[in-house]
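Hello,

Here is the structure I promised to pass on.

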Amino acid sequence: MYNTLIRGYSESQTPECSLELFNRLNRDSASLSRPDSFSFAFALKAAASLRSLRAGSQLHSQAFVHGLSTHLFVGTTLVSMYAECGRGDSARKVFGEMPRLNVVTWNAMLTACFRSSDLEGARSLFYRMPFRNSASYNVQISGLMKSGDVESARLIFDTMPVKDDVAWGSVIVGFAQNSCYDEAFRHFRDMQRTGMRLTEVSLTGVLSACADAGALEFGKMLHGFVEKSGFLDIVSVSNALLDAYSKCGDMGMSRLVFDQMTGERTAVSWTSVISGLALHGCADEAIRLFNEMEESGVRPDGITFVSMLYACSHAGLIKQGCAYFSKMRDLYGIEPGIEHYGCMVDLYGRAGKLDEAYEFVLQMPMEPTDIMWRTLLGACSIHGNVELGEKVREKLSDLDPNNSGDRVLLSNIYAVAGKWKDVGAIRKSMREERMKKAPGWSVIEVDKLVYNFVAGQKQGDVSQEAYEKLREMMSRLREEGGYVPEVKSVLHDIEDEEKEGSVELHSEKLAVAFGLKRWCRGKTIRVVKNLRICLDCHEFMKRVSRLYEVEIVVRDRSRFHSFKDGSCSCRDYW
């Protein structure tokens with residue numbers, strides 16, 4: 001009876017009750033039996049769920065006293081418990097002392113290696129296993145994907161004797177998380193062709209890839225499949241679908257999915273739509289939806305408030321942003337995290353209130369992180385504040401001295417101010433230390449295929465096609481659209497003619513050119529970019545939208561820009 005209850009609570013939302021019952025069993029002198037191997041295994045599972053190393057260690061000691069610490073069932077659960085608590089060394093010790101091992105024990109140790117970031121140990125252990133089951137392969141695939149070793153994970157998947165739905169889900173999610181969107185889509189199609197049953201994991205994984213790649217057409221196809229298959233009743237799938245629409249730039253469809261949800265709308269559902277509105281700069285709508293969320297009785301969480309602060313930041317609503325920051329803490333008792341403070345710094349900095357942003361950072365109750373200072377440095381770059389930029393860069397040099405992005409931002413500030421000697425000094429130091437600026441890339445979906453363009457890269461027929469179209473567009477824009485390249489965004493002390501050639505190579509221009517080359521009239525061109533869009537590309541998109549009578553949607557690192565009839569949805573505030 002005790003074991004039944006201990007096990008039930010260990011698998012519930014209150015695993016601490018499992019430990020209380022175990023302690024009661026242990027001290028109940030009137031009980032007919034003492035704790036056995038099952039009692040310890042179930043209690044250890046509760047300790048693992050709580051990630052309580054203290055409780056787990058005490059249970060280990062008691063199991064040793066009862067002569068059960070090397071029992072197959074107890075030992076395996078001990079390995080898992082130590083893995084969950086981040087103690088890979090203790091897990092290995094327990095594993096090494098066990099006289100008998102089965103495949104579950106080997107899998108638990110494999111998981112422990114990945115949890116402690118011991119990739120070499122995991123590889124070695126996997127190939128030493130005397131027997132493997134599907135779970136062994138799935139643990140290895142998932143662990144390698146999470147570590148970023150995509151090729152090794154692919155190899156394990158390809159050599160797997162029988163691929164189950166968990167393996168397909170793991171590989172699709174892994175490719176999506178590592179930005180290998182084409183591979184995620186291809187494996188999803190392969191999974192369908194094999195007749196394998198689709199799962200919540202595989203669907204949310206491929207929808208996540210659609211969201212990150214901006215693959216709207218593929219997402220629409222998945223929407224039809226999800227609806228016909230009855231998966232819309234699963235809240236996590238509906239949430240992934242509306243998030244995909246939001247991040248692909250179709251807020252109309254995102255709201256439609258949200259409004260038609262048959263299951264209970266969770267905080268995640270509301271926050272996904274609010275976040276999408278924030279990315280599109282629709283602060284008023286985000287505020288209206290937040291009010292509806294409160295009225296419906298769903299309690300906003302910390303992530304919801306991040307989205308609200310983000311919305312206020314991108315609309316210049318300083319007063320409202322400050323009100324939400326206070327409301328989060330005073331009304332909902334949510335202690336602001338570093339991400340909330342970062343949003344407030346961005347709110348002040350984006351509005352040009354750099355001194356207020358700097359003071360806010362200094363008055364924080366926690367030590368500012370490199371991300372916090374980097375946000376402020378970015379604001380200094382936007383507004384050309386050299387003095388504060390240098391001060392912030394000094395702070396960053398102590399926290400993260402080898403970050404090339406920080407030096408590039410300071411170089412931007414010097415370049416806008418015309419301080420080319422300082423620009424040269426920074427570039428020289430980067431060359432000497434072999435630092436490289438992250439290349440700009442953009443992706444565009446055409447006919448349900450995703451194409452990637454990298455700044456200045458001229459490889460393959462697709463790139464050639466894009467360059468030819470771009471040259472034609474540039475000529476027409478100069479002659480008919482009055483376009484003159486905005487060379488201030490080129491941060492080198494070179495002649496204007498050379499600068500014009502440099503800005504023409506930006507990846508988002510190539511993506512749009514390729515999109516126009518294969519464009520069907522009436523369709524929106526959608527591009528996803530990894531960096532913040534520059535002034536020249538922003539002006540370029542506006543003029544292309546008017547001259548070619550096409551709507552262009554660009555999602556950069558910060559937000560969406562919707563270009564139509566020569567204007568942008570951001571109203572030149574980004």
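Arg-51 is exposed, with a relative accessible area of 55% (exposed means over 50%, buried under 20% and partly exposed in between, with a 1.4 Å probe and protein chains only). Before going further: this is a predicted model, in which local features need pLDDT of at least 70 and side-chain atom pairs count only at pLDDT 80 or more, while totals for chains, interfaces and linings use all residues. Residues are numbered from 1 along each chain as its sequence is written, and side-chain values use heavy atoms, with hydrogens and water left out.

Back to Arg-51: this residue is not a glycine, yet its phi is positive, about 50°. Arg-51 sits in the loop that joins α3 (37-50) to α4 (53-65). Helices (H or I, at least four residues) and strands (E, at least two) are DSSP runs, numbered from the N terminus.

Lys-448 is another non-glycine residue with a positive phi, near 65°. You will find Lys-448 in the loop between β1 (441-446) and β2 (449-454), and its relative accessibility of 34% makes it partly exposed.

**The chain as a whole**

The chain has 30 helices and six strands. Its radius of gyration is 28 Å, close to the 25 Å that the globule rule gives for 574 residues, so the chain is as compact as a globular protein of that length. That radius is taken over C-alpha atoms, and the rule is 2.2 Å times the number of residues to the power 0.38. Along the principal axes, the C-alpha trace spans about 95 × 55 × 55 Å.

Of the 574 residues, 51% count as buried. Among contacts (heavy atoms within 4.5 Å) with a separation of 6 or more, 61% come from residues 24 or more positions apart.

After α17 comes Gly-281, with a positive phi near 75°.

Phe-258 belongs to α16 and is buried, at 1% relative accessibility. Beyond its neighbours within four places in sequence, Phe-258 is in contact with Leu-242, Arg-265, Ser-269, Trp-270, Val-273 and Leu-289.

**Helix α11**

The 13 residues of α11 (residues 165-177) should also span 18 Å, which agrees with the 18 Å between the end C-alpha atoms. This helix is mostly covered, with ten of its 13 residues buried; among them are Trp-168, Val-171, Ile-172 and Phe-175. The cover over those buried residues includes α9 (134-146), α10 (150-159), α12 (181-193) and α13 (200-213). Just after α11, Ser-179 has a positive phi of about 65°.

Best wishes

Notes. Expected span 1.5 Å × (residues − 1).
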